[in-house]
Amino acid sequence: MILGEKIRLRAIERTDIPRFVRWMNDPEVTQYLLMSSPLSFAMEEKWFDDQLQRPPHQGQILGIEVQRADDWVHIGNTGLHDVDLVNRTAEFGIVIGEKEYWNRGYGTQATRLMLKHGFENLNLNRIYLEVFETNPRAMQTYINAGFTREGVFRQAIFKNGRYIDAIFMSILQSEWMETNKK
Ligand SMILES: CC(C)(COP(=O)(O)OP(=O)(O)OC[C@H]1O[C@@H](n2cnc3c(N)ncnc32)[C@H](O)[C@@H]1OP(=O)(O)O)[C@@H](O)C(=O)NCCC(=O)NCCS
């Protein structure tokens with residue numbers, strides 16, 4: 001468990017799969033993701049089984065939970081993918097599937113917790129991400145968490161009938177350590 005001030009990150013469970021299927025079939029959510037086809041329960045179960053084959057330090061998806069009264073609510077997932085153990089890089093991803101929790105600061109907190117985990121526990125040197133130009137909320141979240149915009153892949157994505165640009169951002173371990181000195 002990775003504990004934050006108002007949220008916590010935990011390993012995902014098989015029992016979470018119905019929630020993932022609901023989130024990944026919501027067009028309001030998937031407009032921002034590299035997903036263009038409906039997702040079935042069986043497809044998501046296979047994805048979950050594939051995740052289990054990999055040791056956590058080579059990339060792991062974690063559930064984002066927020067506290068509500070005496071309980072914890074699972075609102076989304078975040079993760080580090082494609083961990084490269086030689087170059088010490090990984091790709092960051094996040095989705096808050098419960099839309100009523102958007103714009104309440106949880107995405108920024110979850111991003112910062114994953115960066116802390118990646119730099120301070122996994123000893124990564126560079127964490128990067130890709131975000132669509134149509135997603136200014138995500139871009140602002142990443143800037144607030146410490147990412148720097150690196151460049152643009154023009155018309156790299158075809159979504160909802162048109163090409164859009166993909167923006168690339170990254171943060172280095174040295175930058176994280178500098179702004180988060182103990
Ligand atoms: C992107 C996402 C993770 C952000 O998490 P969140 O909890 O909604 O974001 P936060 O509340 O922490 O921060 C949002 C920031 O964006 C700003 N923002 C919101 N809408 C905006 C817009 N249209 N233009 C510019 N900034 C915007 C907010 O003001 C806030 O910045 P501030 O704290 O400086 O005021 C979440 O909304 C989400 O999962 N969306 C759907 C899936 C997705 O887009 N995933 C990312 C794919 S790259």
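Which of the 22 residues around the ligand come nearest? Select Tyr 32, Gly 107, Thr 108, Pro 136 and Gln 140; a residue is near if its C-beta atom, placed from the backbone, lies within 6 Å of the molecule. A word on the model: it is predicted, with local features needing pLDDT of at least 70 and side-chain atom pairs counting only at pLDDT 80 or more, while totals for chains, interfaces and linings use all residues. Residues are numbered from 1 along each chain as its sequence is written.

Next, colour the shell by element (DSSP runs numbered from the N terminus: helices, H or I, at least four residues; strands, E, at least two). Strand 5 (89-96), helix 4 and helix 5 each give two or more residues, and helix 5 has the largest share, six.

Now zoom in on helix 5 (residues 136-145) and pick out Thr 141, Tyr 142 and Ala 145, which are buried. Here buried takes 20 or more other C-beta atoms within 10 Å of the residue's own, exposed 12 or fewer, and partly exposed is in between, with C-beta atoms placed from the backbone. Look down the axis: the buried residues fall within an arc of 95 degrees, so they line one face of the helix. That arc is taken from the directions from the helix axis to the C-beta atoms.

What do the buried residues of helix 5 pack against? Show helix 4 (106-120), strand 6 (126-132) and strand 8 (162-172).

Notes
Two residues are in contact if their C-beta atoms, placed from the backbone, lie within 7 Å.
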